Amino acid sequence: MAYEELCKYIKKNIDVTDDELKIIVSYFKTIKNNKNDILLSQGQVSQYSYFVSKGCLRFFFINDEGKDITRYIAFENQFATALVSYITKQPSQEVIQVVEKSELLFISHGDFDHLMKIMPKWREFYSVYLEKAYVNNSNRLLSFTTLDALERYNQLLKVNPKIVKRLPNKIVASYINVSQETLSRIKSKKIIF
């Protein structure tokens, strides 16, 4: 099942033959993780890209005041990695945490790079992935600089309601960069779209 979902995701993003897909998927391995497992600690170099088959991953960092800030949440059928660490080969500033019991497919960055060398279609996949990551990060930055807390919450409900429905308030607050108290006040009001 996990590999089927991975195949669908890849085919949705690039045009590949069945033989090419078979080669790509052969580089992925499966792993099951429990809630709160840490896949990458701050200071480690990112070595893997993950495809979430079941569950949820959270990417966060700790700011100078000791507050954790959630940068990204990956649910089912999403790819994710600590991209800055992967690209720069430098220690990661962020942590990858398993938020819900998860089933993941993963590929080492060495194998990922090897696939890009032997298969131009995989390089195309990487390009699509980078574009999506750039747009996502730009939109998040724009929301932090142009929207107030209520507007960010409403936008989250429109764009990714799973975050609010499935995750604890602490993570939701961290994701939209508000205190838990502010989030509680927002949620207690009637939200109008």
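D18 counts as exposed at 55% relative accessibility, where exposed means over 50% relative accessible area, buried means under 20%, and partly exposed lies in between, with a 1.4 Å probe and protein chains only. The model is a predicted one, in which local features need pLDDT of at least 70 and side-chain atom pairs count only at pLDDT 80 or more, while totals for chains, interfaces and linings use all residues. Residues are numbered from 1 along each chain as its sequence is written, and side-chain values use heavy atoms, with hydrogens and water left out.

The side chain of D18 meets that of K11 in a salt bridge, at 3.8 Å from N to O, the term being used for a side-chain nitrogen of Lys or Arg within 4 Å of a carboxyl oxygen of Asp or Glu. K11 counts as partly exposed, at 45% relative accessibility. By this rule the count comes to 7 salt bridges.

Another of these salt bridges joins the side chains of K121 and E20, with an N to O distance of 3.5 Å. Because K121 lies in helix α5 (residues 120-146) and E20 in helix α2 (residues 18-26), the pair ties together parts that are 101 residues apart in sequence; helices here are DSSP runs of H or I with at least four residues, strands are runs of E with at least two, and both are numbered from the N terminus. K121 is partly exposed, with a relative accessible area of 25%.

A salt bridge is also formed by the side chains of E100 and R166, at 2.5 Å from N to O. This pair links distant parts of the chain, with E100 in strand β6 (residues 95-108) and R166 in helix α7 (residues 161-166), 66 residues apart. E100 counts as buried at 19% relative accessibility, whereas R166 is partly exposed, with a relative accessible area of 30%.

Strand β3 (residues 48-62) holds S49, which counts as buried at 5% relative accessibility. When neighbours within four places in sequence are left aside, S49 is in contact (heavy atoms within 4.5 Å) with A80, T81, L105, F106, I107, H109 and F112.

The packing of helices comes next. Two packed helices are described by the angle between their axes and the distance between the axes. Axes are lines fitted to C-alpha atoms, for helices over the stretch in contact, and angles run from 0 to 180 degrees between N-to-C directions. The axes of helix α6 (residues 149-159) and helix α8 (residues 169-176) come within 10 Å and cross at roughly 110°. That makes α6 roughly perpendicular to α8, a class that covers 65 to 115 degrees, with under 35 counted as roughly parallel, over 145 as roughly antiparallel and the rest as oblique. From α6 the contact is made by A149, R152, Y153 and L156, and from α8 by V172, Y175 and I176. By class, this contact of α6 with α8 has 6 nonpolar, no polar and 1 charged residues, where Ala, Val, Leu, Ile, Met, Phe, Trp, Tyr, Cys and Pro count as nonpolar, Asp, Glu, Lys and Arg as charged, and the others, Gly among them, as polar.

Helix α6 also packs with helix α9 (residues 180-188), at an angle of about 65° and with their axes 10 Å apart, which makes α6 roughly perpendicular to α9. Here A149, L150 and Y153 in α6 meet T182, L183, I186 and K187 in α9, and the contact has 5 nonpolar, 1 polar and 1 charged residues.
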